[in-house]
Amino acid sequence: MLDDLPQRPLRVLLAKLGMDTHTVGVTIIAHALREAGMEVIFTGLKQTPEMVCAAAIQEDVDVVGISTLSAGHTRHLPKLARLLREAGAEDKLLLAGGVIPQEDQPMLLEAGVGKIFTMGADTRDIVTYLKAWWAERQAAEVP
Amino acid sequence: MMDVTEFGHAVLAGKVAAGARAIRWLDDGDSRGAAVLRSIFAATGRAHVVGITGPPGAGKSTLTDMLVAELRKRERRVGVIAIDPSSPFTGGAILGDRVRMARHTLDPNVFIRSIGTRGQAGGLSRSTHDAALVLDAMGYDTILIETVGVGQDEIDVVNLAHTTVIVGVPGLGDEVQAVKAGLMEAGEVFVVNKADREGFEATLRQFELMLHLREQSRPEDAWSAPLLRAVANRDEGGGAIVDAIEAHRTFLKASDGFERRSGRREREQVLTLLRAQLVAEIMRGDRAASILDDVTARRIDPYSAADALMSDWRQ
Ligand code: B12
Ligand SMILES: Nc1nc2c(ncn2[C@@H]2O[C@H](COP(=O)(O)OP(=O)(O)OP(=O)(O)O)[C@@H](O)[C@H]2O)c(=O)[nH]1
Ligand SMILES: [Mg+2]
């Protein structure tokens, strides 16, 4: 059974920043990624960008996923992107989901967020996106 | 990209990103992991490796968090490896132990790594031993290994750790029964957590009795395992537990027990690696595959198949 599984599961850190306590979306994402064979590291609520950056490096994840529904995204996400860059971890994919108004999205993508999924996003699309990203990344790594 | 020797130096210098990447390679079975390990092995063997094990939900993560805080008061640099189960069906996992250790995230002298079991039974992952070596080489003084929630015989951690802390809790009914077979025999420090809960006194007495029986069957100069209480989510009891953990280290150091224990696990690792290499070697090629097909079709029994494969390989 397990012999057939991929040797290198994608590792994804999931976190919530600041005082945002909406947990439904992040829980759904965590389970969807687990079902898709990924390792999800959950850091819990009330994280700061500094904490997420430190945890992402210790855990050596491939993807950092932030779920944000309480309007902190324009502050927190650019800061996190900058911290990851400064730590030499810009190769990690920064994903965001939750309540992120359309008009804020160009600025976030510009600041280093790789991809944004908002309300009603189908978890299958998220999984498909991550698998494609991972396949591309692994293909690029082969010497 | 740094080459592997540079990588080894970075790990030895305690660089977090390098250590984290080395652990990833070892966990993934990437050959670069083995290469890094070769270059750092000589610097390992210093850290005190401590296992934290017990039934699911006993408070292992919360207790680990408390022990990290206590060790930090004593200025130890602390590495944590927290293991959670991977799904046997998808291989995926939700690793949530570090949620309880969040207050140490920004401490530069604490490194926390979550690892999935990835199909390994026994309460650990295949990579746990190697991950502990990397943290050892990075200069962490104490390495705490939180196992998955264990039952009767998932006690691999006792072969890996110098000191194993067994965490029990009131309210699981027969949980002493559950740890009896392996853990009661193997642990060096016993903690009944959730001392604020109903049934605590009864659980404590059960543990006392088991430990008393255990003492009687051991030589007089053997380590006498202390039984302690804790309320981990209120940071109560950590001092005495760390005292006991460090007393056990001193006890091991008084003889050659410390080196003997690490030596035993390195030797075991050689055999594990050898087994994997041999099997891979023997199973290479079409003939091996067709013998396995014969077993599936019940044309040949497993014993004869193994004999046939061995004699093929010898030639
Ligand atoms: C349920 C809810 C609550 C519950 C939360 C319970 C809980 N434990 O989660 C309670 C009642 C506690 C609550 C409280 C509050 N809420 Co509220 N809440 C909602 C509501 C109605 C639904 C949220 C939800 O669970 N959706 C279902 C999940 C599945 O959707 P989702 O989280 O969006 O996730 C999906 C995608 O976004 C994406 N996704 C999400 N995260 C991630 C992460 C990654 C990595 C990826 C790839 C994808 C991804 O995938 C998911 C699947 O499609 C929303 C309204 C709305 N339309 O969103 C308001 C809403 C989020 N709340 C709001 C507010 C203001 C509050 C409060 C501040 C006060 C108030 N007025 O009610 C408090 C404060 C809470 C706090 N401190 O954060 C506002 C936020 C406004 C803003 N952002 O500007 C909203 C938008 C309502 C509104 N229109 O005003 N809330
Ligand atoms: N009442 C009480 N609750 C506690 C105590 N210690 C931990 N808890 C709670 O017990 C629950 C489980 O704690 P964890 O630390 O996650 O337990 P665990 O053994 O690591 O769990 P797994 O890793 O899932 O096996 C949490 O809700 C803790 O807050 C305690 O001493 N008293
Ligand atoms: Mg735990």
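Modeller: Contact means heavy atoms within 4.5 Å. By that rule, the contact takes 33 residues from chain B and 34 residues from chain A. This is a predicted model: local features need pLDDT of at least 70, side-chain atom pairs count only at pLDDT 80 or more, and totals for chains, interfaces and linings use all residues. Residues are numbered from 1 along each chain as its sequence is written, chains are lettered from A and ligands numbered from 1 in the order in which they are written, and side-chain values use heavy atoms, with hydrogens and water left out.

Colleague: How do you know how much area chain B and chain A bury between them?

Modeller: Buried area is the accessible area (1.4 Å probe) that two parts lose on being put together, summed over both. For chain B and chain A that comes to about 2800 Å², with 51% of it on carbon and sulfur atoms. In chain B, R24(B), T90(B) and I94(B) lose the most area to chain A, together 22% of what that side buries.

Colleague: Why is the pair R24(B) and D62(A) called a salt bridge?

Modeller: The rule asks for a side-chain nitrogen of Lys or Arg within 4 Å of a carboxyl oxygen of Asp or Glu. The closest N and O atoms of R24(B) and D62(A) are 2.9 Å apart, so the pair passes. Between chain B and chain A the count is 6 salt bridges. The interface also has 17 residue pairs in polar contact, both residues at pLDDT 80 or more.

Colleague: Which elements make up the side of chain B that touches chain A?

Modeller: α2 (16-28), β3 and β4 of chain B each supply at least two residues. The largest share, 7 residues, comes from α2(B).

Colleague: Why are S61(B) and E146(B) called buried?

Modeller: Buried means under 20% relative accessible area, exposed over 50%, partly exposed in between (1.4 Å probe, protein chains only). S61(B) has 7%. E146(B) has 2%. Both values fall under 20%, so both residues are buried.

Colleague: And what is the protein donor of the cobalt atom of ligand 1?

Modeller: The only one is H22(A), through NE2 at 2.2 Å. H22(A) sits in the loop between β1 (11-15) and α1 (24-35) of chain A.

Colleague: What does T105(B) touch?

Modeller: Not counting residues up to four places away in sequence, T105(B) touches M51(A), A54(A), A55(A), Q58(A) and R98(B). T105(B) belongs to the loop between β3 (93-95) and β4 (110-116) of chain B. Its relative accessible area is 5%, so T105(B) is buried. The T105(B) side chain reaches the backbone oxygen of A102(B) at 2.7 Å.

Colleague: Is L95(B) buried or exposed?

Modeller: L95(B) has 0% relative accessibility, so it counts as buried. L95(B) is in strand β3 of chain B. Leaving aside neighbours within four places in sequence, its contacts include R11(A), F42(A), D84(B) and I115(B).

Technical notes
Helices (H or I, at least four residues) and strands (E, at least two) are DSSP runs, numbered from the N terminus. A polar contact is a pair of N or O atoms within 3.5 Å; within protein, one must be able to donate a hydrogen and the other to accept it, and residues adjacent in sequence count only if both atoms are side-chain atoms. Donors are N, O and S atoms within 2.8 Å of the metal (3.2 Å for Na, K and Ca); water is not among the atoms, so sites may look incomplete.
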